Amino acid sequence: MHEAAHLYKGHSDWVKLDHKFRSSVVEGFEESIIPANKLAAQFLEVDADDCALQFVIASILSYGEDYRAKIAKVNKSKRAAYKLAFGSVMHSLKTLLYAVYVLHRGVDFGEWREEINAESHPRGLLRCRYVFNRFLEITMWHGIATGDREEFENFCLAIVLEAERDMARIEERESEEKRFLDVLKSSKASQHIQQINKMQNIIEDVTWQYVRGNLFPSTAKMKKKRESNIAFRGVNPHRNIGRPSSI
Ligand SMILES: [Zn+2]
């Protein structure tokens, strides 16, 4: 989904057609200077993460409803797995957050805190923080645990820490869950994300014309669809992502 989001949101066209950032630099973070094209590239990555996350959360919640109403197609040889993943809304969200966290954390164990990295992708831990905070926001749009968000946030935190412990056990190393907690609370991480998000309006001013609303997904069945219930970016991340988490 992440790669499809690059196409869907016009990122690939922007990279191909827009040369505005090729040589420019932006005054960065403390003493470091990050080339604007790298910040732009990092924005495209978290934007694709975000778009994919919205799609998958909407899909899994919708499928879960059908499953519990017994109208979903179920692979009979995997009944136990379906029950674990779709037995309740919380089962679905747990399964999804665990998987998304492991996916991002597993990509890159490098340190990120020394400076804003001048590579095309933000470091794995920073992406984890980005998707974790977006997970909390997107689930709120879906009305999850509206009565007790604090308990829900603790539930989500417990899931990612469980994922950390599982990864450490599999890789036979010490668990590093404290590092994720450090990133969640870090004002340096917030500054990095704010830097990346500065690119949003600049890039979206160009990419809106490439967004493939009618062409994606391109399967024959989906081409016939004339409307969609896919949640789309509806919140300005400047307001919501850059702040340090209260967790
Ligand atoms: Zn990507």
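Mentor: Let us begin with contacts: two residues are in contact if their C-beta atoms, placed from the backbone, lie within 7 Å. In this chain, residues 24 or more positions apart account for 73% of the contacts with a separation of 6 or more. This is a predicted model, in which local features need pLDDT of at least 70 and side-chain atom pairs count only at pLDDT 80 or more, whereas totals for chains, interfaces and linings use all residues. Residues are numbered from 1 along each chain as its sequence is written.

Trainee: What is the mean pLDDT of the chain?

Mentor: The term pLDDT denotes the predictor's confidence in each residue, from 0 to 100. Here the chain mean is 79, and 75% of the residues reach 70 or more. Where pLDDT is low, the predicted coordinates should not be read in detail. Over residues 214-219 pLDDT stays under 50, and the model has four contacts beyond four places in sequence for them. It also stays under 50 over residues 229-247, for which there are 34 such contacts.

Trainee: How many helices and strands does the chain have?

Mentor: Helices (H or I, at least four residues) and strands (E, at least two) are DSSP runs, numbered from the N terminus. The chain has twelve helices and two strands, and their order along the sequence is α-α-β-β-α-α-α-α-α-α-α-α-α-α.

Trainee: What span should helix 7 have?

Mentor: The expected span of a helix is 1.5 Å times one less than its number of residues. For the 22 residues of helix 7 that gives 32 Å, and the end C-alpha atoms are 32 Å apart, in agreement. Just after this helix, Glu-172 takes a positive phi of about 55°.

Trainee: Which residues of helix 7 are buried, and which are exposed?

Mentor: A residue is buried if 20 or more other C-beta atoms lie within 10 Å of its own, exposed if 12 or fewer, and partly exposed in between; the C-beta atoms are placed from the backbone. In helix 7 the buried residues are Cys-156, Val-160, Ala-163 and Glu-164. Seen down the helix axis, they fall within an arc of 100° (taken from the directions from the axis to the C-beta atoms), so they line one face of helix 7. Those buried residues pack against helix 5 (89-107), helix 6 (124-141) and helix 8 (177-185). On the other side of helix 7, Glu-150, Glu-151, Asn-154, Ala-158 and Arg-169 are exposed.

Trainee: How many residues of helix 6 are buried?

Mentor: Of its 18 residues, 14 are buried, so helix 6 is largely enclosed by the rest of the structure. Helix 6 reaches 25 Å from its first C-alpha to its last, close to the 26 Å expected. Across the 247 residues of the chain, buried residues make up 30%.

Trainee: At what angle do the axes of helix 3 and helix 10 cross?

Mentor: Axes are lines fitted to C-alpha atoms, for helices over the stretch in contact, and angles run from 0 to 180 degrees between N-to-C directions. The axes of helix 3 (residues 36-68) and helix 10 (residues 199-207) come within 10 Å and cross at roughly 80°. Helix 3 is therefore roughly perpendicular to helix 10, a term that covers 65 to 115 degrees. Leu-39, Ala-40 and Phe-43 of helix 3 make the contact with Met-199, Gln-200 and Ile-203 of helix 10.

Technical notes
Angles under 35 degrees count as roughly parallel, over 145 as roughly antiparallel, 65 to 115 as roughly perpendicular and the rest as oblique.
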